[in-house]
Amino acid sequence: MTEQSIKSALESLLFVWGEPLEARTLAELFQVSPSEMTHMLRSLARDYEERGSGLLIREMDKSFQLCTNPVNDDYITRLCTPVKEKKLTQAALEVLAVVAYKQPVTRSEIESVRGVKSEKVLDGLMDRRLIEEKGRSTKIGRPILYGTTKEFLRLFGFETLNDLPLLEDIDDLTLDEAFNLPLEGQESLPGIPGSLLAENDQNEE
């Protein structure tokens with residue numbers, strides 16, 4: 001297959017798959033090296049950008065996903081009837097930010113930063129696939145370590161964790177500094193796919 005024919009097939013695969021596809025998986029499919037596949041995917045992404053396409057290919061943690069161009073968000077919003085749902089609560093955003101910046105991190109370390117219990121909020125974020133278990137600490141009791149997921153990168157538009165905004169001190173963490181994301185009752189940010197549901201603050205211990 002020529003590079004152009006592979007790129008054509010990649011467009012179809014990314015469209016049908018919907019979710020992020022690892023370059024390594026696609027490389028095995030076409031029997032090329034992961035570096036060659038990454039080059040072709042990035043080249044395809046540039047093709048979309050150069051012609052001002054309504055679709056873009058987004059790269060995140062060595063995976064690639066076909067998505068809509070944010071410049072067309074207004075038209076998409078007009079066409080699609082939005083469903084009003086709760087966004088992430090302040091408690092959920094606080095826990096998510098601590099996990100993102102201090103990972104891998106234990107529940108007790110999260111609670112030490114926040115000053116309140118966070119077990120139910122952690123469960124809610126895990127249900128939404130924004131965080132996951134990353135093994136166990138070597139400390140007494142071997143508590144669970146938590147970290148963010150590829151779903152976290154996808155939803156918040158980060159390619160890697162290196163794209164997180166820099167903070168001088170995690171203990172002085174504020175929501176605006178971390179993600180600048182909407183709380184309950186506020187409008188969602190353009191370009192973030194779907195809605196982010198979260199536990200009500202009343203569920204937090």
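**Group meeting: confidence, helix packing and aromatic rings**

In this protein, which is a predicted model, confidence is lowest in helix α9, residues 175-178, where the mean is 45, and highest in strand β6, residues 144-148, where it reaches 95. Taking the protein as a whole, the mean pLDDT is 81, with 78% of the residues at 70 or more. There are two stretches I would like to point out: over residues 171-178 the pLDDT stays under 50, and the model has 19 contacts there beyond four places in sequence, while over residues 180-205 the pLDDT is likewise below 50, with 67 contacts in the model beyond near neighbours in sequence. Where pLDDT is low, the predicted coordinates should not be read in detail.

Let me turn to helix packing. The axes of helix α5, residues 90-102, and helix α7, residues 119-127, come within 10 Å and cross at roughly 80 degrees, and since angles of 65 to 115 degrees count as roughly perpendicular, that is how α5 lies to α7. On the α5 side the contact is made by Ala91, Ala92, Val95, Leu96 and Val99, and on the α7 side by Val121, Leu122 and Leu125.

Now to the aromatic rings, for which the count comes to two pairs. In one of them, the centres of the Phe152 and Phe158 rings are 5.9 Å apart and their planes stand at 45 degrees, so this pair is tilted. Both Phe152 and Phe158 are buried, and ring pairs link Phe152, Phe156 and Phe158 into a cluster.

Finally, a charge and a ring: the charged end of Arg51 sits over the ring of Tyr48, at 4.6 Å from the ring centre.

Definitions and conventions. Residues numbered from 1 in each chain as written. Predicted model: local features only at pLDDT ≥ 70, side-chain atom pairs only at ≥ 80, totals over all residues. Heavy atoms only, no water. pLDDT = per-residue confidence, 0-100. Helix = DSSP H or I, 4+ residues; strand = E, 2+ residues; numbered from the N terminus. Contact = heavy atoms within 4.5 Å. Phe/Tyr/Trp six-rings, centres within 6.5 Å; stacked < 30°, edge-to-face > 60°. Buried < 20%, exposed > 50% of the residue type's maximum accessible area, 1.4 Å probe, protein only. Lys NZ or Arg CZ within 6 Å of the ring centre and 35° of its normal. Axes fitted to C-alpha atoms, helices over the stretch in contact; angles between N-to-C directions. Parallel < 35°, antiparallel > 145°, perpendicular 65-115°, else oblique.
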